[in-house]
Amino acid sequence: MERERWRFFHLRTVPGCRWPALPDSVFAQAWNAYLELDRTQWLDPAELVKLQLKQVRALLAHCLRHVPYYREALTDARIVPESIQTMDEFRRIPLLPRRIYQEKVSRALPTQLPAGTVATGSNQTSGSSGTPTNVFQTNMSDLWWYAFYWRDLEWCNVDPTGTLAAIRTTVTTGPELQRMLQGVSQPCWLPALDPLIQTGPSHCMDIRQDPRLQLQWLRSIGPQYLLSFPTNLEALAQLVKREGPLPELLAIQSMSGMLTSEAQAKIESAFGVPVKSNYSCAEVGYIASPCPHGAGLHVHAENVLLEVLDEQGKPCQPGETGRVFVTHLHNLRGPFVRYEVGDEVTLGPALCPCGRGLPLLARVQGKIYPMFRLPVGHLKHSSVLATFLRQMGGHWQHQVIQKAADHVVVRLAIDTTWTDPHVEQVKRVVHDFFEATIRIDVEIHDRLALPANGKFQSMICEVEQPK
């Protein structure tokens, strides 16, 4: 078995120990978790399911004792954790729609955590479906995130000793936003991991910057690796096709959105480098990463038990497309059990030619954030507007439809915190995003219904995009 990782990961070590490297105790668990993944990825699929269910039983036992929502749901369904020995028994657990979790989140938190597990923070989903979800993290979920981050780099053949440029959403305003729009630099990729892994420098720019200025910035720093959103990469690809490639670039990673095969081909053709895209979500972190042999995306079965279900709630077969439900195996503070992610994926073959036993996805349809066209003519990524509408509050669901360069409709399903001044606040946020005074129609609703295809999009652009 190849050990390509040693080309990438250069461990820092405790004082007085030069070789073999010995990680500091703070990071030793995370590194050991990553090394364990090298063994588990080759397990037989049936053995992987058996081990997943072993962890599920521990998760359910914790939920039954300490999480009010799950105690009630499991009791009503007559679920006994130790009885979950097969996937058929696991599927007796009720599905958890996203909206139900959002409504019951206060009862979905545990009254107690296991010894050694501590709360480390909280987060929110981006709200691409119009409604954000609260996510609660622990030291254990963080530890596994690091392990899957390293695995993703290894599988994507991304060398962290190179130079990274990231163009992404940053929740900043005022002077800090102006700084991020110019691009900022730091000596490492992830400060939290710098004590363990040696990396090259990284540079970050807010995605609200004009793509033309993004490209100028990229040429000035000459990165080996570029990380950004699919639609933003498409906009950059159009510019690069006319103006020429980035000579130092080795690979691109697409994040936070659906990368279609057509978009991937367009980006790869323009930049002349491979484009890799993993599948992740804020609720559970890494879900799947590209098979090193190019067969699709392998599910990180050690992190999530992923189900792909049809319209009747039955498991899909290889080659079929269905809705994604996940069970996060290692977060005991904000448990997600058979949780509806809101994405669609297509299952790959039951067995991957590479020999890994991990489940395989042929394609991730996912969600998508479009680019909005500003009155001045250039494009701007709509994820930023979604973020600021979410932070504004007063509503639980939003949808923005760009009808023309100077006309936007904002549809809001308001909650009990909504007040009349929110209307002007919405208009101010939208005007700031579009950098102009435009026509904004604000519609107030009790609920924004799903379209016929069941795929709700919070950001819709009806303006023709430049060729």
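Axes here are lines fitted to C-alpha atoms, for helices over the stretch in contact, and angles run from 0 to 180 degrees between N-to-C directions. Helices themselves are DSSP runs of H or I with at least four residues, numbered from the N terminus.

Before we look around, some ground rules. This is a predicted model, in which local features need pLDDT of at least 70 and side-chain atom pairs count only at pLDDT 80 or more, while totals for chains, interfaces and linings use all residues. Residues are numbered from 1 along each chain as its sequence is written, and side-chain values use heavy atoms, with hydrogens and water left out.

**Two helix pairs**

Two packed helices are described by the angle between their axes and the distance between the axes. Here are two such pairs:

| Pair | Axes come within | Crossing angle |
|---|---|---|
| H2 (residues 25-40) and H7 (residues 139-155) | 8 Å | roughly 50° |
| H3 (residues 45-66) and H4 (residues 68-76) | 6 Å | roughly 105° |

H3 and H4 are therefore roughly perpendicular to each other, a label for angles of 65 to 115 degrees; under 35 counts as roughly parallel, over 145 as roughly antiparallel, and the rest as oblique. Contact means heavy atoms within 4.5 Å. On the H3 side, the contact is made by Leu60, Cys63, Leu64, Arg65 and His66, which meet Pro68, Tyr70, Arg71, Leu74 and Thr75 of H4.

H2 and H7, by contrast, are oblique to each other. H2 passes H7 in a right-handed crossing, where the near helix is turned clockwise from the far one by less than a right angle. Among the residues making this contact are Trp31 and Tyr34 of H2, and Trp144 and Phe148 of H7. The contact residues divide into 11 nonpolar, two polar and two charged. Nonpolar covers Ala, Val, Leu, Ile, Met, Phe, Trp, Tyr, Cys and Pro; charged covers Asp, Glu, Lys and Arg; the others, Gly among them, are polar.

**A closer look at His66**

His66 sits in helix H3 and is buried, with a relative accessible area of 15%. Buried means under 20%, exposed over 50%, and partly exposed in between (1.4 Å probe, protein chains only). Leaving aside its neighbours within four places in sequence, His66 touches Arg71, Leu109, Pro110, Thr111 and Gln112.

In helix H9 (residues 211-221), the buried residues are Pro211, Gln214, Leu215, Trp217 and Leu218. Seen down the axis of H9, they fall within an arc of 160°, so they line one face of the helix; the arc is that of the directions from the helix axis to the C-beta atoms. Turned away from this buried side is a face with the exposed residues Gln216 and Ser220. Just after H9, Gly222 has a positive phi of about 55°.

Methods
Helices (H or I, at least four residues) and strands (E, at least two) are DSSP runs, numbered from the N terminus.
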